[in-house]
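We will walk through it together, one part at a time.

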Amino acid sequence: MIRFEHVSKRYADGTTAVDDLSFEVAEGELVTLVGPSGCGKTTTMKMVNRLIEPTEGRIFLDGDDISTIDPVRLRRRIGYVIQQVGLFPHKTVLDNTATVPHLLGVKRAKARERAAELLDLVGLDPAVFGDRYPEQLSGGQRQRVGVARALAADPPVLLMDEPFGAVDPVVRDHLQTEFLRLQQTLGKTVLFVTHDIEEAVRLGDRIAVYGAGRIEQYDTPSAVLGAPATDYVADFVGADRGLKRLSVTPIEEDDLEQPPVVHLDDPLPRELDARWAVVLDHENNLHGWISAEHARVAAKKGDTVRDHARRMEAWLPVGASLKQAFATMLQHDAGWIAVIDERSEGRFLGVLTPARLHEALRRSTTADARDIPRADVELETVEPLVR
Ligand SMILES: Nc1ncnc2c1ncn2[C@@H]1O[C@H](COP(=O)(O)OP(=O)(O)OP(=O)(O)O)[C@@H](O)[C@H]1O
């Protein structure tokens with residue numbers, strides 16, 4: 001979708017901002033450009049919508065050499081979101097969002113209707129926010145309007161230059177989550193500039209790690225964290241890259257253990273093979289859990305599992321990250337968490353234990369380019385604890 005071929009940019013004062021850059025972004029892919037200040041990320045991005053012209057090389061959009069496309073027409077195919085959102089202060093939120101389609105000839109009423117849909121999509125109720133002016137919004141809300149406005153003409157490509165850079169970490173986290181959700185439905189081709197490796201890892205299908213004017217590594221978050229190509233990349237992603245890998249490694253079905261299972265309407269078991277069992281309903285959806293000790297001591301004649309099952313607090317859908325799994329274990333002080341299939345209304349798939357979590361983390365980096373020796377000592381497996 002976007003292809004850079006030997007692109008360089010040298011400014012008049014002799015600064016080489018970008019040096020012989022070649023890379024490709026596939027259709028529907030979200031690529032984050034990450035690196036320290038001044039390494040050429042913004043220059044790279046602005047060359048795509050021709051706000052900056054390269055000194056050498058060519059850039060293709062959907063097979064077309066962009067130097068042959070009129071810049072105004074080119075920019076209609078490309079949404080642009082920047083940190084200083086640049087909303088028109090004298091226009092309402094709705095009119096700000098409707099501006100581009102209206103300029104492109106869409107009737108005003110139709111453009112406003114579409115704008116309302118988009119505001120809804122980015123989490124702003126048009127009935128509440130539509131008539132406000134930009135100064136009546138929080139920083140996070142302004143950024144949302146910026147994203148809605150960039151999407152208004154439904155461009156296939158989005159360029160986003162530190163769009164969430166000016167808001168506090170909590171709002172930023174929300175905006176990232178919302179944007180990922182949005183991207184799942186929209187499937188735009190996105191170039192996203194950030195200097196924050198956490199953000200790059202969280203959002204990117206692939207990450208381009210920049211050194212001065214060059215890409216040092218272009219790969220998936222898991223590969224960049226698990227096998228940094230150079231010492232520079234290893235330093236940039238940080239000594240805690242192992243921890244960061246937790247957030248990009250999903251829980252898979254193969255990671256799960258199968259504990260004893262009982263059903264809601266079963267008679268209460270007198271004996272269990274373990275200290276607890278998972279309780280399922282008649283469709284094998286997760287209901288809760290039951291402790292063997294409790295079942296043995298508290299049971300009265302004729303009790304069923306339903307009378308003694310406890311709610312399951314610690315659970316996650318398959319595909320959630322190992323970081324979420326770890327956080328959930330800590331939050332609920334649980335030695336294991338249940339994993340369900342959300343697509344089939346909560347069918348129980350198995351449980352993730354700390355030992356399995358460790359194995360999954362290993363799986364995420366089968367090869368470590370820097371050959372850091374692994375600790376091959378297995379700890380005694382501790383029996384899972386359930387409170
Ligand atoms: N108009 C210009 N004239 C001369 N040098 C420039 C110009 N614009 C940018 N540069 C230089 O080009 C280099 C790359 O700048 P660029 O804005 O692409 O970096 P960046 O990685 O986006 O940085 P930041 O994260 O700080 O925004 C920097 O050294 C910058 O000083």
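What follows starts with the whole chain and then moves to a few of its parts.

Keep in mind from the start that this is a predicted model. The chain has 387 residues, and 37% of them count as buried. Its secondary structure comes to 15 helices and 17 strands. If you follow the C-alpha trace along its principal axes, you will find that it spans about 85 × 55 × 35 Å. Among contacts in the chain with a separation of 6 or more, 63% are between residues 24 or more positions apart.

Let us turn to the ligand. Which residues come nearest to the ligand? There are 13 residues around it, and Tyr11, Ala17, Ser37, Thr42 and Thr43 come nearest. Sorted by class, this shell has three nonpolar, eight polar and two charged residues. Helix 1, which covers residues 41–48, gives the largest share of the shell, with three residues.

Helix 1 deserves a look of its own. Is it enclosed or open? Seven of its eight residues are buried, so helix 1 is largely enclosed by the rest of the structure. The buried residues are Lys41, Thr42, Thr43, Thr44, Met45, Met47 and Val48. Thr42 and Thr43, then, are buried in helix 1 and are also among the residues that come nearest to the ligand. After helix 1 comes Arg50, whose phi is positive, near 60°.

Next, let us see how some helices pack. Two packed helices are described by the angle between their axes and the distance between the axes. Start with helix 3 (residues 93–103) and helix 6 (residues 139–151), which pack at an angle of about 30° with their axes 7 Å apart. That angle makes helix 3 roughly parallel to helix 6, because angles under 35 degrees count as roughly parallel. Helix 3 passes helix 6 in a right-handed crossing. On the helix 3 side, the contact is made by Val93, Asn96, Thr97 and Val100, while helix 6 brings Val145, Ala148 and Arg149. By class, this contact has four nonpolar, two polar and one charged residues.

Helix 6 also packs with helix 7 (residues 169–186): their axes come within 10 Å and cross at roughly 25°. These two helices are therefore roughly parallel to each other. Here too the crossing is right-handed, as helix 6 passes helix 7. Which residues make this contact? Helix 6 contributes Gly139, Gly140, Gln143 and Val147, and helix 7 contributes Val171, His174, Leu175 and Phe179. The residues divide into four nonpolar, four polar and no charged.

Is Val224 buried or exposed? With 30 other C-beta atoms within 10 Å, Val224 is buried, because 20 or more are enough to count as buried. Leaving aside residues up to four places away in sequence, Val224 touches Ile207, Val209, Gln217, Asp219, Val233 and Val237.

Conventions: Residues numbered from 1 in each chain as written. Predicted model: local features only at pLDDT ≥ 70, side-chain atom pairs only at ≥ 80, totals over all residues. Axes fitted to C-alpha atoms, helices over the stretch in contact; angles between N-to-C directions. Helix = DSSP H or I, 4+ residues; strand = E, 2+ residues; numbered from the N terminus. Parallel < 35°, antiparallel > 145°, perpendicular 65-115°, else oblique. Left-handed = near helix turned anticlockwise from the far one by under 90°. Contact = placed C-beta atoms within 7 Å. Nonpolar A, V, L, I, M, F, W, Y, C, P; charged D, E, K, R; others polar. Buried ≥ 20, exposed ≤ 12 C-beta atoms within 10 Å, placed from the backbone. Near = placed C-beta within 6 Å.
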